[in-house]
Amino acid sequence: MVVILLGPPGVGKGTQGAMLAEALEWDRLATGDLLREAKRRGTELGRQAATYMDAGELVPDSLIVAMVQERLEAMPARRGVLFDGFPRTEPQAQALDRVLPEVGRQVDAVVLLEAPDEVLHKRISGRRHSPESGRVYNVYFDPPEQEGICDEAGTPLVHREDDHPETVARRLEVYRELTEPLVDYYEASDAPVLRIDGDQTMEAVQASVRQALDEALDLGET
Ligand code: AP5
């Protein structure tokens with residue numbers, strides 16, 4: 001099974017993707033996380049991606065597709081895959097359609113998470129993450145036990161470099177211009193597009209996603 005999580009910055013793709021991957025024992029491929037890790041480690045990919053990410057722009061398709069293809073080929077075929085933050089442009093979606101059959105897969109469903117812009121801005125302004133554990137918190141909705149410190153790693157939480165208000169505004173523009181058209185792309189494909197109200201508690205969103213996927217894909221048999 002291959003499921004794509006689509007939606008604007010801050011809507012909860014990472015949060016829902018992590019919960020879903022754990023519950024279903026699927027692999028999760030989150031391009032934003034992979035790029036931030038490459039940046040943190042100072043690799044050539046991280047260096048190339050940094051300028052785009054910090055400005056709220058998309059990293060060039062060629063770099064992203066090569067990174068995803070390499071990861072995908074290394075994933076065990078028997079496990080489902082959840083894409084989070086990929087594809088984000090039509091060329092990326094077309095590349096995925098070419099690459100998946102080579103590894104015996106296809107896109108089975110697209111989950112579209114939606115929420116009003118004011119909700120996205122509030123969630124992003126409250127987001128903090130731990131570079132060490134990778135865990136994401138929210139000062140308003142999901143705070144750590146001790147303010148500013150990761151519960152797992154015990155080290156300070158940080159604000160993402162692209163979470164400042166001007167960059168967030170640009171990321172939303174880029175989403176509307178380049179990523180939202182993928183809804184039409186997938187609606188014209190065989191994969192169902194499952195629209196989920198992302199403006200609910202994390203648990204309620206997860207329940208809606210699970211119900212929609214169960215109805216569309218009969219996950220009980222995966
Ligand atoms: P990426 O990391 O993918 O960022 P994004 O798509 O902008 O999404 P976010 O990570 O901001 O939000 P999310 O939807 O995952 O929300 P989250 O669960 O964290 O990409 C970053 C950059 O990398 C891009 O701008 C680009 O430069 C580059 N990039 C990545 N992929 C690329 C690609 N394919 N092509 C080209 N460039 C690419 O939740 C947000 C906050 O809200 C958290 O604090 C969370 O705790 C909280 N929260 C979540 N759900 C709820 C809820 N239901 N109620 C209350 N709070 C909630």
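**Ligand surroundings and selected residues in the predicted model**

An oxygen atom of the ligand is placed 2.6 Å from an N or O atom in the side chain of Arg127, a polar contact being a pair of N or O atoms within 3.5 Å (within protein, one must be able to donate a hydrogen and the other to accept it, and residues adjacent in sequence count only if both atoms are side-chain atoms). The model is predicted, so that local features need pLDDT of at least 70 and side-chain atom pairs count only at pLDDT 80 or more, while totals for chains, interfaces and linings use all residues. Residues are numbered from 1 along each chain as its sequence is written, and side-chain values use heavy atoms, with hydrogens and water left out.

A polar side-chain atom of Asn138 also lies 2.9 Å from an oxygen atom of the ligand, and a polar side-chain atom of Thr31 is found 2.8 Å from a ligand nitrogen atom. Two or more residues of the shell around the ligand are given by each of helix H1 (13–24), helix H2 (31–41) and strand S6 (136–138); helices (H or I, at least four residues) and strands (E, at least two) are DSSP runs, numbered from the N terminus. H2 provides the largest share of this shell, four residues.

There are 33 residues around the ligand, and Thr15, Glu57, Arg88, Arg127 and Arg171 come nearest (a residue is near a molecule or strand if one of its heavy atoms lies within 4 Å of it). By residue class, the shell consists of 13 nonpolar, 11 polar and nine charged residues. In this division, Ala, Val, Leu, Ile, Met, Phe, Trp, Tyr, Cys and Pro count as nonpolar, Asp, Glu, Lys and Arg as charged, and the others, Gly among them, as polar.

Arg127 itself belongs to strand S5 (residues 127–129). Its relative accessible area is 15%, and Arg127 is therefore buried (buried means under 20% relative accessible area, exposed over 50%, partly exposed in between; 1.4 Å probe, protein chains only). The side chains of Arg127 and Asp163 make a polar contact at 2.9 Å. With neighbours within four places in sequence left aside, Arg127 is in contact with Val136, Tyr137, Asn138, His159, Arg160, Asp163 and Arg171, where contact means heavy atoms within 4.5 Å.

Asp142 is located in the loop between S6 and helix H7 (165–179) and is partly exposed, with a relative accessible area of 26%. Beyond its neighbours within four places in sequence, Asp142 is in contact with Val136, Tyr137 and Met202. Gly12, in the loop between strand S1 (2–6) and H1, is buried at 15% relative accessible area. The C-alpha atoms of Gly12 and Ile124 are separated by 9.8 Å, although these residues are 112 apart along the chain.

Three aromatic pairs were found in a search of the whole structure (ring centres of Phe, Tyr and Trp, the last by its six-membered ring, within 6.5 Å; planes under 30 degrees apart count as stacked, over 60 as edge-to-face and the rest as tilted). One of them, Tyr140 with Phe141, is edge-to-face, at 6.1 Å centre to centre and 65 degrees between the planes. Tyr140 is partly exposed, at 45% relative accessibility. The ring centres of Tyr185 and Tyr186 are 5.0 Å apart with planes at 80 degrees, so this pair is edge-to-face. Tyr185 is buried at 19% relative accessible area, and Tyr186 is buried at 1%.
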